[in-house]
Amino acid sequence: IRAGGNVSSITDSAQGYFRINFTTAMPDTNYCVIVTTTQSDGGGNISNTVECAAPVGYSTGSVGIAVGQHLSETNEDPVFANVAVFR
């Protein structure tokens, strides 16, 4: 967590899936989540190869994030994930 306004922890659920846990719960699930990611090209270089990054599983205490390749239908852990939550 590089700058964790209202983020208590991040849970790595599985490859390509993680959960952002809120310090203070949201009043409801009517919030907006924006996700951007970067990925490695396998040679240690950072590139923008991740095709899909989306919020899933909204709850008042946390939100899940799914990251992966759309065409190959594989889940991937990003090198960096930037998540912004707006209410």
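Colleague: Leaving aside its neighbours within four places in sequence, which residues is Val33 in contact with?

Modeller: Residues are numbered from 1 along each chain as its sequence is written, and side-chain values use heavy atoms, with hydrogens and water left out. Contact means heavy atoms within 4.5 Å. With the neighbours within four places set aside, the contacts of Val33 are Pro55, Tyr58, Val63, Ile65, Val83, Ala84 and Val85.

Colleague: Is Val33 buried or exposed, and at what relative accessibility?

Modeller: Val33 is found in strand E3; strands (E, at least two residues) and helices (H or I, at least four) are DSSP runs, numbered from the N terminus. Buried means under 20% relative accessible area, exposed over 50%, and partly exposed in between, with a 1.4 Å probe and protein chains only. Val33 counts as buried, because its relative accessibility is 9%.

Colleague: Where is Pro55 found, and at what relative accessibility does Pro55 count as partly exposed?

Modeller: Pro55 is found in strand E5. Apart from residues up to four places away in sequence, Pro55 touches Val33, Val35, Val63, Gly64 and Ile65. Pro55 counts as partly exposed, because its relative accessibility is 24%.

Colleague: How many bridges join E5 to E6?

Modeller: Two strands pair if DSSP finds at least two bridges between them. In this pair Val56 has Gly64 in E6 as its bridge partner. The hairpin has five residues between the strands, and in it Gly57 takes a positive phi near 65°. E5 and E6 run antiparallel, and the number of bridges joining them is five.

Colleague: Which residues make up the largest nonpolar core?

Modeller: A nonpolar core is a set of buried Ala, Val, Leu, Ile, Met, Phe, Trp, Tyr and Cys residues joined through side-chain atoms within 4.5 Å. In soluble globular proteins, nonpolar side chains tend to be buried together. The 10 residues of the largest core are Phe18, Ile20, Phe22, Met26, Tyr31, Val33, Val35, Val63, Ile65 and Val67.

Colleague: Which strands each supply at least two residues of this core?

Modeller: Val33, one of the core residues, is found in strand E3. The strands that each supply at least two residues of the core are E2, E3 and E6.

Colleague: The structure holds two aromatic pairs. Why is the pair of Phe22 and Tyr31 edge-to-face?

Modeller: Rings of Phe, Tyr and Trp (its six-membered ring) pair if their centres lie within 6.5 Å; planes under 30 degrees apart count as stacked, over 60 as edge-to-face and the rest as tilted. The ring centres of Phe22 and Tyr31 are 5.8 Å apart, and the pair is edge-to-face because the planes stand at 85°.

Colleague: What kind of pair do Tyr31 and Tyr58 form?

Modeller: Tyr31 is buried, with a relative accessible area of 7%, and Tyr58 counts as partly exposed at 36%. Their ring centres are 5.1 Å apart and their planes are at 50°, so the pair is tilted.

Colleague: How many residues apart in sequence are the parts that the pair of Tyr31 and Tyr58 ties together?

Modeller: Phe22, Tyr31 and Tyr58 form one aromatic cluster. Tyr31 lies in the loop between strand E2 (17–22) and strand E3 (32–40), and Tyr58 in the loop between strand E5 (52–56) and strand E6 (62–69). The pair therefore ties together parts whose separation in sequence, in residues, is 27.

Colleague: What phi does Asn6 have?

Modeller: Asn6 is found in the segment before strand E1 (7–14). At 28% relative accessibility, Asn6 counts as partly exposed. Although Asn6 is not a glycine, it has a positive phi of about 65°.

Colleague: Which pattern does the protein follow along the sequence?

Modeller: The secondary structure comes to zero helices and eight strands. Read along the sequence, the pattern is β-β-β-β-β-β-β-β.

Colleague: In which strand is confidence lowest, and at what mean?

Modeller: The mean pLDDT of the protein is 85, and 83% of its residues reach 70 or more. Where pLDDT is low, the predicted coordinates should not be read in detail. Confidence is highest in E2, at 95, and lowest in strand E4 (residues 46–47), at a mean of 61.

How values were computed:
This is a predicted model: local features need pLDDT of at least 70, side-chain atom pairs count only at pLDDT 80 or more; totals for chains, interfaces and linings use all residues. pLDDT is the predictor's confidence in each residue, from 0 to 100.
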